[in-house]
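Here's a quick briefing to read alongside the model. Have a look first, then go through the points below.

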Amino acid sequence: MMTYLWNGRNYFLFTPLLPSATVGTLELRSLIEPIRRLLARLGGYYLEGTAEDIDFENQLVEVAGCHDSLGRKFYVPYDKLVIAVGSESVTYGVEGLEHCCFLKSIVDARDIRRKVMENFEKASLPTTTDEERRQLLSFVICGGGPTGVEFAAELYDFLKEDLIGYFPAIPPEEVQVTIIQSADHILNTYDLRISEMTEAKFKRENINVVTNSRVVKVNPTSVVYKDKSTNEVNTASFGVCLWSTGVGMTPLVKSLVAKLPHGSQANKHAIETDAYMRVLGTPEGTVYAIGDCATIPQPQFVEKVMQYLQENDVNGDNVLSYQEFKSLAKSITAKHSVLKVFLAHLDEVFDRYDKDHNGTLDLEEIRAFLLDAEKCITALPATAQVANQQGKFVGTRINTLHAIESDPEKVKELPPFVYTHLGSLAYIGGNDAVLDLGKGMVYGGIGSEYLWRSVYFSEQVSVRTRMLLLMDWSKRALFGRDISKF
């Protein structure tokens with residue numbers, strides 16, 4: 001069996017640590033490992049090119065070489081194909097995103113690092129006016145997910161630990177960091193206690209967190225956003241604006257979804273697969289999709305939860321008391337952790353759907369609650385943890401199929417993909433991290449940063465990157481951050 005991998009860049013990038021590279025905490029090369037070095041251990045083959053199209057019927061991938069000045073293309077046949085092309089940031093139709101930075105690649109991290117350092121250098125010049133300095137030293141982050149929060153945390157660490165020594169002409173209080181989040185809390189896919197803990201810390205450190213607000217326009221030096229509850233429009237100036245709000249399809253994925261049979265794909269943000277990660281609408285068992293570009297649809301969510309209702313309706317009267325509703329919420333969040341924030345304040349949620357205020361929820365009130373819950377749910381979060389588990393599952397499945405393909409009964413017995421949530425992490429600055437360990441267990445405080453580092457250290461793909469991380473963390477502790485711009 002021969003394995004081919006083609007990609008437009010010839011290295012593997014450890015994306016969870018990208019925010020640390022934007023202010024010099026980590027060096028860019030510490031986050032990457034050459035693909036050829038990884039594949040050499042496995043006997044695989046690498047081609048530096050980008051997939052342009054896929055002929056599902058004839059099982060051919062059209063590839064364009066990255067360094068062919070003539071633009072020539074070639075075809076690679078396949079027996080099994082795994083699509084793992086990642087995603088792009090969702091724009092939501094907002095005007096002016098060309099003025100924003102993104103943080104999806106090593107180039108993005110390098111550009112942000114250069115821009116941050118340039119702004120501090122410009123702000124130090126005696127010819128810079130007060131108004132210009134305030135604008136240069138304002139950082140706006142659109143999106144309060146892990147990437148946005150960790151970028152804000154790294155900026156805070158830079159200001160606290162290095163700014164005074166490197167830029168004595170800039171008072172730290174002149175630097176403004178603002179996070180604009182459309183949901184009610186930042187880190188809204190984590191446990192509510194994690195969100196509240198992070199918001200409280202950011203408030204102490206004068207990091208401005210604006211929640212329940214939607215960005216409507218990005219100007220060259222300012223962001224216009226609107227409060228969703230009051231419709232009040234506000235403006236925040238910036239020297240650097242990071243756009244970090246959700247994921248969407250790449251152009252390749254959009255073109256592939258468009259050519260699949262009508263009705264096989266309904267999701268607007270990713271390729272839909274079955275429980276075995278096989279792309280719906282393709283010849284069975286030949287094409288898989290994993291990572292941010294893929295999703296497993298959750299059909300008939302309401303009907304499934306109605307089964308939970310029957311289990312938690314103790315007296316069988318199709319009416320839920322508050323205690324029965326509490327048991328129902330526990331059953332739902334055990335299966336769909338993303339609803340933890342939606343169901344955080346159960347007493348308020350219960351009162352909201354108890355329209356007749358009789359202290360119980362009837363079937364119509366329960367169904368209204370479930371329909372709103374369904375709008376908040378996504379099948380699986382777009383995280384490296386999910387992609388890692390899916391990659392291992394598909395690799396094991398293909399190897400197993402190769403060994404037992406002549407026995408249809410054994411093929412039918414192969415299990416579907418089951419995601420095991422191992423917890424969620426986020427660094428929030430000041431040597432603090434927050435850890436959502438699942439099952440209601442959260443932690444943040446003494447030693448949390450070292451737990452956060454230990455997890456990412458253990459997830460590295462080579463001894464080389466582990467050693468580089470250790471050296472970078474040691475250099476930062478001994479000598480401060482490298483503020484060179486290149």
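Is Met-467 buried, partly exposed or exposed? Met-467 counts as partly exposed, because its relative accessibility is 44%; buried means under 20% relative accessible area, exposed over 50% and partly exposed in between, with a 1.4 Å probe and protein chains only. Keep in mind that this is a predicted model, where local features need pLDDT of at least 70 and side-chain atom pairs count only at pLDDT 80 or more, while totals for chains, interfaces and linings use all residues. Residues are numbered from 1 along each chain as its sequence is written, and side-chain values use heavy atoms, leaving out hydrogens and water.

**Helix H15**
- Met-467 sits in helix H15 (residues 463-479); helices (H or I, at least four residues) and strands (E, at least two) are DSSP runs numbered from the N terminus.
- Leaving aside residues up to four places away in sequence, Asp-472 touches Thr-25, Leu-26, Glu-27 and Ser-30 (contact means heavy atoms within 4.5 Å).

**Helix H12**
- The 21 residues of H12 (residues 384-404) should span 30 Å at 1.5 Å a residue, and the end C-alpha atoms are 30 Å apart, so the two agree (the expected span is 1.5 Å times one less than the number of residues).
- Buried residues of H12 include Val-386, Phe-393 and Leu-401.
- The buried residues of H12 fall within an arc of 165° seen down its axis, so they line one face (the arc is that of directions from the helix axis to the C-beta atoms).
- Those buried residues pack against strand S7 (81-83), strand S18 (287-289) and helix H13 (408-412).
- Exposed Lys-392 and Ala-403 are on the face of H12 turned away from its buried side.
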